[in-house]
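Please look over the model shown here before reading on. The notes that follow go through it point by point.

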Amino acid sequence: MFNTRLGPSLFSTTARHALSLASRSQSAIGSSSSIKRSIPAAAAATRYSSSCSHPHSHAHFHSHSNPNPTSGTTTASTAPTPNTNNPSAWRGKNDDQDISMYLRQTHDRVFESNRAWAAEQTTKDPEFFAKLAAGQNPEYLWIGCSDSRIPAEQITGLAPGDAFVHRNIANLVCNTDLNAMSVIDYAVTHLEVKHIVVCGHYGCGGVKAAMTAKDLGILNPWLRNIRDVYRLHEKELDAIKNEDERYNRLVELNVIEQCRNVIKTATVQQSYARNKFPIVHGWVFGFHDGLLKDLNIDFEGVLHDIQKIYNLTD
Ligand SMILES: [Zn+2]
């Protein structure tokens, strides 16, 4: 077992937000102009000039509606949206109007993007939404980490309707998790997916947190599953002296163990006995190059091994 500090990806946003709120309550800096100081005009203009192409028939907060966001009166309709969704950018600001505007803008931005996306799909294929409404027939069940940086469809080029998706902290498949078990059962029995992918990622804050000797409250029982993975592979992991390499290997072993957990389910075993699908895959995503690594799970071999104890085909 090794100890590390908590990774930045899992808890830091909440922590920074809390810090931000705390500092805002203590700071004497805040004013409406603080928003403008925190947003370089060029950065804000860049953000929106590249994303906005639709007619300006509705109210929005694009910076190009305010050509000089660093001067003049800031109002809800003309102020630039912050060029980051990281609330820490607001640290030190104590103007409640600032945070209210930030929240309104980050909320409205999603609807604005949604309208643009819907229009774009219709332009590309007038039948797009009629097809979506007709039903789903996905080839893949994707079980991934909740980490915000790994959107399943975007990194794989899959389209809406291609993948049934389940995500949780550290892409775990626990046999007492009614949520995950229901997703697998529905995907296999009713949607008849052909592939089940468990996708982890290097730099997983959940895996790193599990390796931290600390009481993490409600997360303890969840992360315990990862500690159990470590225990199962203790000899191999302890032999890896470089901490980053050991951590990366634990990420991979966690994916492999979760694949085993998928294969242990009666749903998967019975479907495979009948149909020869689904097949289970273990992949790991890397932030450094954006590529997926296939761990080449030997599905038939794993199935054969686990059925010695976990055979649920009868
Ligand atoms: Zn993760």
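1. Start at one end of the sheet. Strand S4 (residues 279-285) pairs with S5 in the antiparallel sense, over three bridges. Trp-283 stands opposite Asp-294 in S5. Strands here are DSSP E runs of at least two residues, helices are H or I runs of at least four, and both are numbered from the N terminus. Two strands pair if DSSP finds at least two bridges between them.

2. A word on the basis. This is a predicted model: local features need pLDDT of at least 70, side-chain atom pairs count only at pLDDT 80 or more, and totals for chains, interfaces and linings use all residues. Residues are numbered from 1 along each chain as its sequence is written.

3. Now the whole sheet. Five strands form an open sheet with mixed pairing, in the order S2-S1-S3-S4-S5. S2 (163-168) and S5 (292-294) stand at the edges with a single partner strand each, so one side of each is left without a neighbour in the sheet.

4. Next, the core. The largest nonpolar core has 47 residues, and Leu-141, Val-197 and Val-262 have the most contacts inside it. Such a core is a set of buried Ala, Val, Leu, Ile, Met, Phe, Trp, Tyr and Cys residues joined through C-beta atoms within 7 Å. Buried means 20 or more other C-beta atoms within 10 Å of a residue's own, with C-beta atoms placed from the backbone. H11 gives the most to this core, with eight residues.

5. Last, helix H9. The buried residues of H9 are Leu-223, Ile-226, Val-229 and Tyr-230.

Methods:
Buried ≥ 20, exposed ≤ 12 C-beta atoms within 10 Å, placed from the backbone.
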